[in-house]
Structure formats: C-alpha cells, structure tokens
Amino acid sequence: MGKGCWLLLVGAILSFKISGVRLKFDWNGKNEPAPLQPATQQLQLLLQQKQQQLDQSPPKGAENWRKKLLIVFVLLGILASIWLFWHLNQKIILRREQTLSNMCDERARMLQDQFNVSMNHVHALAILVSTFHHGKHPSAIDQKTFGEYTERTAFERPLTSGVAYALKVLHSEREQFEKQHGWTIKKMETEDQTLVQDCLTENLDPAPIKDEYAPVIFSQETVAHIVSIDMMSGKQDRENIIRARVTGKGVLTSPFKLLKSNHLGVVLTFAVYDKDLPPDATQEQRTEATVGYLGASYDVPSLVEKLLHQLASKQTIVVNVYDTTNASAPISMYGTGVTDTGLLHVSNLDFGDPLRKHEMHCRFKLKPPLPWTAINASIGVLVITLLVGHIFHAAICRIAKVENDCREMMELKARAEAADVAKSQFLATVSHEIRTPMNGVLGMLKMLMDTDLDAIQRDYAETAHASGKDLISLINEVLDQAKIESGRLELEDVPFDLRSLLDNILSLSSDKSNEKGIELAVFVSDRVPEVVFGDPGRFRQIITNLVGNSIKFTQDKGHIFVSVHLVDKVKGTSNVGDKVLQQSLNLVQDMSSKTNNTLSGFPVVDRWRSWEKFEILNGKDTIDGPEKIRLLVTVEDTGVGIRLDAQGRIFTPFVQADSSTSRHYGGTGIGLSISKHLVGLMHGEIGFVSEPGIGSTFSFTGVFGKGEVSSLDSKWKQYDPVVSEFRGLGALIIDDRSIRAEVTRYHLRRLGISVI
C-alpha cells in the first residue's frame, strides 16, 4: 500500500511538471516578441552563437534523472525501515525465546533433581527392607515400625505422597499368608485404579486365584488404606512390578488416578531381592531372587505445584507436564487448558525410567507486548528518509527552477546583446550619416565668416560654427562608444613626437584657459624618448578629454598641469631625478615660504594617491621586450573637485558626478568612459584622486614603443621661423616656486634657449 501511494505521488508530480512545462511553452509561444532583424552578417553570427549556447544548456533529462534517483532513495529508505523492524523484532523474539527457555529448563532441572533425590531414598528404603525384614529371623520390621520410620524420613522424599512394601506371595502360600496376617488379600476395584476418594478396603473383594500375588504388608500412614490390596491386580502396577524385578531398576507407571485421590500420579517401583545379585544377572535369576516390591506413589500435580510455589516471585510462565511415552496420545500430568500466547518451549524430563518419556511445556502467561523498540526505530528511519526525501525534492525543484531561470536569462541576455549590437550599429550608421552633412554646414559657416559681415552677423555665424563643432565632437564620442561596445575599436602603431603632440593639444585649449585666467602648462621628463610608437589620435583624445574636463570644472584662477614620466622612475621614491617628479611625490617642501610649491601657488591634492593602486607600480604587471616603455601621464587641476559619494561612478558611461553638472558645465558623461577603454587598449590603467574645493588629479599609464627621430618624415620645429629665431639664446629663470621654474626651463629648452 505504501509503495502504491508513493507511485501515485510521483505520478502526480510528473504530470504537474509536464503540464507546467507545456503551459510555459504555450505562454512563451504567445508572448515571444518578434525576432530582431540583424542589419549585418555579424549580428546574424552573434545570434547563431547565442542559440548554440542555449542548446548546450543542461537538458531537462537531468531533472528526471534526479527525480528517479530520489524515488529510488525513498524506496530504499522504506525497505530499510521494514528490514530494521524485522531485524529488531526478531531480536526481541529471540530474547523472549531465550528467557522462556532458561526459565523452563530451570524448572525442569529442579523437578528432575528433586525426583532423583527422592528416588535414591526410595531405593535405599528398599535395601533397608531387604536387610532388616528378609535378612533377619525373626523380622526386625513390622507395620508400626515401617510406618513410623517412613513418616519420620518423609522429608528425604519430598516428592512422594506415600511408600508401601508388597510381599511376593505364591498361590500355594496364600492360605498360610492370610492366616498369618489375619486378613484376606483384596483386589483393586478396577484395573485402572479409578477408585472413589472415600474407598474402604473392607468393601473390596478378595483377590481372584492367580499364580502370584503382591499384597501390601507395610505402608506409610498416608497410604495405610492400601494394606492387604494385591498390587498385581492392577494393570499398571502388575506391568510395573514385572519390569522392576527383571531389570533391577526403578520403573514408573503411566499416569493414573491414585487411591483416595483424584490427582493424577505415577508409582515408582523397586524389586527387593533376598540376596545380592551380580550386575549381569539374568532375568530368571532376578525373578527367582525377588521377595517383594517397594513402591512409592507420586502425586504429580501437588509435586509440581509445590515446586512452582518455591518460584512464586518468578511465575511469569505457565507450566504443563506430559507423559509422552505414546507420542500420538500424550497424557497431561499437570496443568490446565492450554492458551496460545505465541511461544512454546519443551524441556525433557528424565525420571530414571528409559521406557517412560516425560516433557515440560512452558508458555508465557501473557501475550508478548508490541515491539515498541522495533516500531520506534523503524518509524524513526522512515521519518528521516521522508524528511531527507522532502529536502532533496525541494532541492531538485529549486535546481530545476534555477536552471529554467538560467535558460530564460541566457535567452534574454542573447536578445539584449543582439539588441545592443543593433543599437551600436544604428548609432554608428546614423552618426556617420549626420556627420557628413554637418561637415558641409561647418564648411559653409567658415566660408560665411570669411565674407564681410557686421558684428551681429559675425557673432551669429561664430555661435553656429561653435555649436556645430560641439555637435561633431559629440557625434565622434558616440561613434567611439559604439565601436568600444561592439569591440571593433583598434589602435594604430605609428611613430609620433609626444612633446609636439602635447604642445598642440594645450595650444588648442589655451584660448579657453586664458579666458578663465587659468595657467595651462605641460612637462615631459627628459628620460622620455622624443619619438614613440603608438596611436597619436587616441592619445590626443585621452589628453583632450582630461584637459577639457579640467578647464570645464576649474573656475577663475588656478592652473592645469600635464606631466609625463617613465613608470620605472616612479616606482621608487628615493633618488628621484627631476624636481617635478619630486613634487608629485610630495618630497619637496619649501620651508622658506608659506606659499604652496605648485604651478599657480594654489593647493593641490596628493597626486601619488592617483596611481598608488596601479598593478604596475606594485610589481604585478610587466611588459614584454626592451623596446617597450610605459609612460605615466598626470593631469592636475585646482578645480571644484568631485564629491566623495560620486567618485565611485565617475567612469560609468552617460553618468556625471552631479545631476546638475550637465546644466552648469555641459557634457554627456561619456568622455571618461571612452578614455578608460582607450587606456585599457593601451595596456594601461587609469585612476584619480579628488578633494572637493581643492581639485583633482587624473593619472593613467600606457605602453608605447621606442622610436628614433629619423622615424618622422619632418619636424615642425625645423620649418617654424619663430623657433629658429630663439636658437642659441640664453636665459636666466628667477621664480619663488621651483615647480614653475622647472616647467619654464622645459619650455625654454624646447625653443632651443640655453637656461642658466
């Protein structure tokens, strides 16, 4: 029944799951949006790859396999609980059987031992009669002496109800015997000795004529009523007497009702001989030497009851004693009706007569209680199995749900990526299409400004031209972001003059900085090669973004300072060569003045913290080849700084530090995001440090190749007449701020002026 319930439960679960899957498929089929139409072959390839990934996800067969395993586990748990109940119950039954066996064997052994002791005393009494009655003339024993002796020694025969001595009398001696004793030999009323309780010998008939008689001449007072009765007239006693005299051993009768008692008993008989016989005497010799018979009657119910009374405190069993000489018809000697209480133990009883067989049957009084130990243990195992099965089932359902959610998320991810690719391609296409006519608009505005315009018209044209340039810049940033997201942005590897590129960038930004009164300067370490290999356009874009942000967020006064150093020279803080690097590492302190040793004298943040977490500075990043160098570029400003709560999202695309930033300063918030990706393409890192009200410093690294001056086709300094005019001149720099003096020294040397 339990197995059927489990199969029914499993079937219900499977049907529910199957119906749930069908409903989900139907729902997905109804609500699935129209597939995206890729614009290019690359989008189709991406969708195919994502579909292959979905096809390789874990199949639903794994869920069915787990459920089958769970069912097997639960069935094994049920079988284990059933086996445990059977095993513990068998042990309880075995212990009960052993207890019953020990108790029954103990009682059988006690009864048997007491019977043997009593039998030995009866045998000794037979020898006594032979010695003092037949061995002496005249006899030393009469009825009075025999009765008193047997009564006083009855304690030695606790199992006997009485003893008597019957004399062997031949028919030829009967008349003389009866005259000598003064009474007639009587016969038993019936051959099976079923006499009434109040039987009197005077009412018995004389014994019929036979060849031999065995009248009782001596008896214990308890059985004095059998004196003069011929024991040979009883069938059981006659057979007993004959076997006793031919075997020379004590023999037992089958159970029968004793005289003057309704109790069932047996008679133990010993033959009395008038002389000593050898052990190998023949039956004829024993019959001839027999002079009488000593018998002892045993009231079996009383004897067993007396024995069990001694164990009254341990009476948890019911005892029955049987004569099983005739196995097909055993005779019950003791015990009431049999009540089946589950267990039966049989102990054999040996009363010394090999021809008679006796058994003691023992049963518990009460039926065995329920095996609570086995029941509790098996129920405990079953409950544990069901609990573990419930936990596993919940885990399987949870795993299935997670797998389904994972498939759905992967599908949604594939669609989102496809949509993102489509969006990027759309932005790239649309931006490119917008940029083409915009360049025409800018060109026409430039031509318009070259014509004769009044002041108002020129202001309108210049405003339109500036707005167009801002729009072109925004379009370029959107294109770059689209290329980055699609993974199609690649860097060039061409030689360029790093110092000239920085000069060009700062010269383009000088107008805005001059309008705000901001000092704008650049410094490149002498250890940096004059020509490097890399992508000058993307390097320019990074510097332009950082410098543009610094100009945007720096109010009146202050400075913006761009410096370039070799990373290898920044790894150690001791033995730093130039003072600019020393100042950036906070090693220079001007103790003679309270002013800040900065470019503009305004306080700045500790720039070292902007690159302290770079892996290259911690020895976790290396570059391959001796022809490669790693540059550290820093852009320092004295602007408004970045709020602490906004510094964590500063590189997120289209996110600005403050929602009001775009209203106050303009911008889209993707410049720093593009710069971070470009730095990553240069195998570098970017970081910053900022304090509100003091300013910010952005630093980044990049890997470049070493180049030679001859790598460039031409150099602008060779053809610039202004630079040529300064060659060979000398200059003396006097400045109270050493950092500004070093920057001035750098620019003068760039013009070919010798600095003292």
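**Close-up views of a predicted model**

**View 1. Helix 11 and helix 20 pack at an angle of about 110 degrees.** Their axes lie 13 Å apart. The structure shown here, as in every view below, is a predicted model. Helix 11 covers residues 498-516, and helix 20 covers residues 738-750. An angle from 65 to 115 degrees counts as roughly perpendicular, so helix 11 and helix 20 are roughly perpendicular to each other. Helix 11 passes helix 20 in a left-handed crossing. On the helix 11 side, the contact is made by Arg-499, Ser-500 and Asp-503. Helix 20 meets them with Tyr-746, His-747 and Arg-750. Sorted by class, this contact has 3 charged, 2 polar and 1 nonpolar residues.

**View 2. Helix 12 and helix 17 cross at roughly 145 degrees.** Helix 12 spans residues 536-553, and helix 17 spans residues 671-681. Their axes come within 10 Å. This crossing is left-handed. From helix 12, the residues in contact are Arg-538, Gln-541, Ile-542, Asn-545, Leu-546 and Asn-549. From helix 17, they are Gly-671, Leu-672, Ile-674, Ser-675, Leu-678 and Val-679. By class, the contact of helix 12 with helix 17 has 6 nonpolar, 5 polar and 1 charged residues.

**View 3. Four strands form an open sheet in the order 10-9-12-11.** The pairing is antiparallel. Strand 10 (331-334) and strand 11 (345-349) are the edge strands, and each pairs on one side only. Neighbouring strands of this sheet are turned by 30 degrees against each other on average, direction ignored. Strands of a sheet pair through backbone hydrogen bonds.

**View 4. Strand 9 pairs with strand 10 over 3 bridges.** Strand 9 runs over residues 317-323, and its pairing with strand 10 is antiparallel. Look for Val-321: its bridge partner in strand 10 is Tyr-334. Helix 8 (residues 300-310) packs on the sheet. Helix 8 touches strand 9 and strand 10. The direction of helix 8 makes about 50 degrees with that of strand 10.

**View 5. A salt bridge links Glu-175 and Lys-179.** Side chains of opposite charge can pair when their charged atoms come close. Here the closest N and O atoms are 3.4 Å apart. Both Glu-175 and Lys-179 lie in helix 5, residues 174-181. They sit 4 residues apart, about one turn of the helix. The structure holds 20 salt bridges.

Conventions:
Residues numbered from 1 in each chain as written. Predicted model: local features only at pLDDT ≥ 70, side-chain atom pairs only at ≥ 80, totals over all residues. Heavy atoms only, no water. Pairing = 2+ DSSP bridges. Helix = DSSP H or I, 4+ residues; strand = E, 2+ residues; numbered from the N terminus. Axes fitted to C-alpha atoms, helices over the stretch in contact; angles between N-to-C directions. Contact = heavy atoms within 4.5 Å. Parallel < 35°, antiparallel > 145°, perpendicular 65-115°, else oblique. Left-handed = near helix turned anticlockwise from the far one by under 90°. Nonpolar A, V, L, I, M, F, W, Y, C, P; charged D, E, K, R; others polar. Salt bridge = Lys/Arg side-chain N within 4 Å of Asp/Glu carboxyl O.
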